[in-house]
Amino acid sequence: MSFPVLFVSLHGLPDRAYPVSRVLGLLFVAWLAWLLASINLLDWSPFSVLLALVVLAALSAAVVWPRRFDLLAWLRSNRRYLIAVEVGMAVLFLAFLWVRWANPDLWHPFFGGEKPMEMAYFNAILRADSFPPQNPWLAGYDINYYYFGWVMMGAPLQLLRIPLTIGFNLIIPTLFALTGIAAFSAAYNLVRTTQAADSSANDGPSRLRELLAAWPRVAAADLLSALWDELERWQRRPQSLAVIAGIAALLTAVVLGNLDQIRTLFYGFAELASGQPGWALDAVPPLDQVTQGLAIALSGERALPVGMNEWYWNASRVIPTPVNAQGIPLEQPPITEFPAFTFIYADLHPHMIGMPLGLAVLIWCLGMVRNVLAEQRLSIPLLLLAIFIGALLVGAFIPTNTWDIPTYLLLGGGALFMAAFAQPVDCFVRRAMILAVAVGILIAAIVFILGLAELETIDLVLRAGVVGSLSLLLVYEAQIRLHMLRQPADEQRPWWRHYQPLLLSIGLTALFAILAVGLYLPYLLNYEAGYTSFVRWEGSVTPLWAYLDIHGLFFFIILTWLAVETVDWLRPSDQADAPRKISRAALIPILAGIAGAFVVLINLAQVSLPILVLAVPLILWSLVLCFRPDLPIEKQIALGGLMVAIAITLLVELIVLGGDISRMNTVFKFYVQVWLILAVVAGAALGWIWRSVARWPGVIRILWSTAFAVLIFLAALYPLMAVRAKVADRYVAEAPRTLDGMTYMRHVIRQENGASFSLEPDYTALRWLQDYVEGTPVVLEAHTQGMYRSWEGRVSIYTGLPSVLGWDWHMRQQRPPESPEVSTRTLEIDTLYDTTSVDVAMSLLDHYNVDLIMVGELERAYYTPEGLAKFDEMVNLGYLSILYDYQGTRIYQVMLQ
C-alpha cells in the first residue's frame, strides 16, 4: 500500500524501492497509531491501526493519482521483476517458517536468550491503551527501553488478533524475508543503474523454449546444452549482473555465516585427541591434534566432544578475551552476532527488527542521490515527502534500536550531501567536497578521542562536530580559492556560486535530522537514558585473524573489486575524450595528509590495533578511488558505505559505551550494522566484477575462483550445521512441532530449588489469564533471582500484566535510579509470600497496588507452606477471593478495602 509513495518519491531507483514497500507501510501505520496513542488522541487498538492504514492508503492515492498511468505502465514493464521479488519473499518466509515450526519454544533454561523479556514487553504493548506502556517487570513504572520495534510488529497482531505465542513465530520469518529481500534490492539498485543495455543479449529465439515444447522427444545432452546457452544469454542481459549482485547480497546478509564454524570442528578434533578442552584463543589449535582427532572421529572410537548448542553459539563469540589459569575469561567476551545467528537463535530483539529498517535506509540513501541524476526532478512537495520518508525511517531507530541512530543518521546526511553535489557542478567542486569531508571527519575523530577522558558524551559530540565542521569549511574554502587563482579572470564564476551545493546540502541535512527527531519526540520526552557517555576502551583488542574470520568473505570480494577498479583507472585510454585522470602528483599530498592524520589519531588513542594493517589501507584505497573522474555515483556510494563500515570496526576498538559489560554490547550492536553494509557493498562488488573475472588469465581466474569457493563453503557451514543443531536443541525433544511457542510447557517436568513439578498447571493458568483477564491488574508472583535459568516471571512474560518485579538485573540496567527499589522489592516479595502476618501482607499488597496473587508450583518450591497458607486465611477474612483454582494452582484477587 505504501509503494505508490515510493514510486513517486524515489523515481531514480530502477525498482522504485518496491521490495521495501512493506517495511515502509508497516512503519508508517505503526508510527501513526503509536503517535495518536502517545499524545492521547486515540487509544492504541485495532481501530487506530485500521485508521492509520486508511490514512496511508489515502496518502498513496493522492500522491500517485496524477501519475497513475506512469505507475500502471511501470508495473506492466516490470512485472517479471515484481513476481520474482514476491516469489523470493515467499521462499524466504516459508523456509524460516519451517525452522520456527521445528523448534517454536519460547523458552529454554540454558539457551533461551532474551525471549522472556521480549514476550513480557511485547505482551505489555499489546495490552496498552497509550504509550509508553506499563512496565511488566516493575509495576508502577513505564517501560524505559527502546520498545517501538514491538509496536511496529504488533500492529498486524492488533488488527488480526493473532495470539503473541503464535505471532512471535510468524514475525521472525517475516523479518527474515523482509531483511533478505531488502538486501537484494539495495545491491540490485546499486548495480542495475550502472549497466548499459546489450542488444546482443536478446538476439534470436530461445532454443531452450523450443526444446521444452518438444519434451520428452529431446536428448538430455541437447537440453543441457540449451540450458547453458540460455544461461549465457541471460548473463548478457542488462539486468543480469544486478540480479547476481542482489542474490549475493541476500545470501551474505541473512543466509551465510562468518567463517568460524570450521574452528568449532577443529577444536573438537583437538579435544578428541588431547582429552582436554581447549580455549579457542587462537585461530586454530595445534594441527597435529586436529589430524589425530580427525582420525579418531573417522574410526568411530569416540564421539566428537562438541555440544549441540556450540554449533549455533560459538560463531557469535569469535573475538577471544584473556583467561586465567582455570580458563575463566577475565573480560566478558564481545558478542560478534550476525543476521544468520540472529534469526536462527530467534530472539525477537530490537536489533533484529532494525535490520530491514537499516537496509531500507540504505535504499533511500541511494534513491535520493539517483533522483538528482534522473531526468525528471522532484518538485518541492515531493522532495519534502522524500525527506519525510527518510526521516521516518532513520528516526525510527531512536525508539527501536538506539544504537543504530548514529550510523544511519550519518549515512542519511551523507546521502543528502552527495545528492547536492551530484547536481551539475564543476568536477573540482565535487573533489573538493570529498577531500573536505574526509579531513573534517578525521579531525572530528581526533577531537573525540582526545576528549573521552574529560567530557560528557553530548558535550564531546558537540565539540567534535563543531571542530570537524569548521575544518571541513576551511579545507573546502582553501581549495575553492586555489582553484579560482588558477583560472583566467574571464572564466571565473562568482565565488559564492561554489557554495550553493554546500548550503543546499546543509539545509536538507538539518531538515532531515530535525524531522527524524521530531517525528519520535513523544518517546524522547518519556525516555530516561541510563547510560549517556562513551569512555576509552582499555581492555583487549581484536586480533587480525578474528577480524578476518568475521569479515573475510566480504573483504575478499571487496578487495577484488577495488583492484579491478584501480587497474581500470590506471590503464591508458584510447579514447580522446576520456575523462582526464587525476595526476599522481596530486594524489601524493592527499595520501600523505590522510595517512598522517591516521597516524596521529592512532597515536592519540595510545593502543596497538592489529586490524589497522587491513582497515586503514582499505579506507585510504576507497577514498582515493572516490577521486576517479569517471567513477559512477553508485560506486562512490558503495565506497562511502565501505569506509563507514570499516571506520565503525575501528571505533569499537577505541571506545565503549559507559556502563556496558566490558565491550560486549558495543561490539555486538555496531557489528550488526557493519555486516549489513558490507553485505550490500560486497554483493554489488560481485556484480561489478562478474564479467571481469571471465576475462582474467587462466591461472589467476582459477586461483581466485578456488579461493572464492572455499570461502563460500566455510560461510555456508554455519547455516547448514546451526539450523540442524537449533532445531534439535529443544527443552523437551518430545514436544510437538507447532507454531505455538507455549506448547512445550505441557511436556516439561521442571526441577527448581530442590522441587520437581510439571509446567502443565502453569500452562493452563496462563492460558486462562490470557483469555479472561483484561486491563493491566498488578500481579504478585515468585521472584527467584534466576533470570535466564529460572521459571520466574512466567505470568508477566506470557500475559504482559505488570508484576511487582520481574528480571531484576534488567530493571537495574534499564532504570539505574530505581536500583535501590529493585533490591527492596526483591526482599518484600519474599516477605509477602513467607510472612504469616495478615496485616504485614495486606500493607505490602496495598503499597504495590497488587490485584492478583499467583500461587502455583513455583511458589511452593521457594516459599514456606505456613506463609502460603495465610492467603486462604485472608480469603476467609474477606481480604482476598479465589479467582482461579485448577490443578493445584490458585490465583487470588485482592478485594477493595
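Below come some ground rules and then the exercises.

This is a predicted model, so to speak of local features pLDDT must be at least 70, and side-chain atom pairs count only at pLDDT 80 or more, while totals for chains, interfaces and linings use all residues. Residues are numbered from 1 along each chain as its sequence is written, and side-chain values use heavy atoms, with hydrogens and water left out.

**Exercise 1.** Work out how helices α16 and α19 pack.

Step 1: find α16 at residues 350–373 and α19 at residues 405–421. Helices here are DSSP runs (H or I, at least four residues), numbered from the N terminus.

Step 2: their axes sit 8 Å apart at an angle of about 10°. Axes are lines fitted to C-alpha atoms over the stretch in contact, and angles run from 0 to 180 degrees between N-to-C directions.

Step 3: that makes the pair roughly parallel (angles under 35 degrees).

Step 4: list who touches (heavy atoms within 4.5 Å). From α16 they include Trp364 and Met368, and from α19 they include Tyr408 and Leu411.

**Exercise 2.** Which residue forms a salt bridge with Lys115?

Step 1: use the rule, a side-chain nitrogen of Lys or Arg within 4 Å of a carboxyl oxygen of Asp or Glu. The count by that rule is 21 salt bridges.

Step 2: the partner is Asp347, with the closest N and O atoms 3.0 Å apart.

Step 3: Lys115 is in helix α6 (residues 115–127) and Asp347 in the loop between α15 and α16, so the pair ties together parts 232 residues apart in sequence.

Notes. Helix = DSSP H or I, 4+ residues; strand = E, 2+ residues; numbered from the N terminus. Parallel < 35°, antiparallel > 145°, perpendicular 65-115°, else oblique.
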